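Okay, thanks for making time, everyone.

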Amino acid sequence: MGDWLRFIVAAIFIIGGLIVSGIATFGLFKFKFVLNRMHAAAMNDTLAILFVLLGLIVVVGFDFISLKLLLIILFLWFASPVASHLIARLEVAVDKDVKDECEGVK
């Protein structure tokens, strides 16, 4: 009984991560402005990878491999927002027409 419950919880996490990744991929193609597309990609990094790796932790069980997967989650949660922020600042600095695309920027 315990193995089936663990399998179901892991499948829910992994399928949830795949759904979030699919929605983010749709957002990458739907949005026209680069900052909006980048935001969709950043959400994919943080949320979808979190769900998939949590599902893998449940499949593996709680041992040294799950500790490695938790460290991967922590690294991605620290690195991805910083990288996205730097790319967004680069786009704002390079693109001269960014004020035309953004709302509320004068």
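So, confidence to begin with, since this is a predicted model. The mean pLDDT of the protein comes out at 86, and 93% of its residues reach 70 or more. Which element has the lowest mean pLDDT? That's helix 4, residues 98-101, with a mean of 71. At the other end, helix 1 has the highest, at 91.

Right, on to the packing. Take helix 1, which covers residues 2-30, and helix 2, which covers residues 34-60. Their axes sit 8 Å apart, and the packing angle is about 170°. Anything over 145 degrees counts as roughly antiparallel, so helix 1 and helix 2 fall into that class. The crossing of these two, helix 1 and helix 2, is left-handed. And what is in that contact, by residue class? Between helix 1 and helix 2 you've got 18 nonpolar residues, 6 polar ones and 2 charged ones.

Helix 3 runs over residues 64-94, and its axis comes within 10 Å of the axis of helix 2. Here the two cross at roughly 180°, so helix 2 is roughly antiparallel to helix 3 as well.

In helix 2, look at Leu-53. Buried or exposed? Leu-53 has 11% relative accessibility, and the cut-off for buried is under 20%, so Leu-53 counts as buried. If you want a distance to go with that, Leu-53 is 25 residues from Leu-28 in sequence, and their C-alphas are 22 Å apart in space.

Then over in helix 3 there's Ala-88. Its relative accessibility is 16%, so Ala-88 is also on the buried side of that cut-off.

Last stop, the aromatics. How many aromatic pairs does the structure hold? There are 2. One of them is Trp-4 with Phe-7, and the geometry is edge-to-face, with 6.2 Å centre to centre and 85° between the planes. Both Trp-4 and Phe-7 are in helix 1, 3 residues apart, so about one turn of the helix. As for accessibility, exposed means over 50%. Trp-4 is at 59%, so it counts as exposed. Phe-7 is at 52%, so Phe-7 counts as exposed too.

That's my tour, so over to you for questions.

Terms used
Residues numbered from 1 in each chain as written. Predicted model: local features only at pLDDT ≥ 70, side-chain atom pairs only at ≥ 80, totals over all residues. Heavy atoms only, no water. Axes fitted to C-alpha atoms, helices over the stretch in contact; angles between N-to-C directions. Helix = DSSP H or I, 4+ residues; strand = E, 2+ residues; numbered from the N terminus. Parallel < 35°, antiparallel > 145°, perpendicular 65-115°, else oblique. Left-handed = near helix turned anticlockwise from the far one by under 90°. Nonpolar A, V, L, I, M, F, W, Y, C, P; charged D, E, K, R; others polar. pLDDT = per-residue confidence, 0-100. Phe/Tyr/Trp six-rings, centres within 6.5 Å; stacked < 30°, edge-to-face > 60°. Buried < 20%, exposed > 50% of the residue type's maximum accessible area, 1.4 Å probe, protein only.
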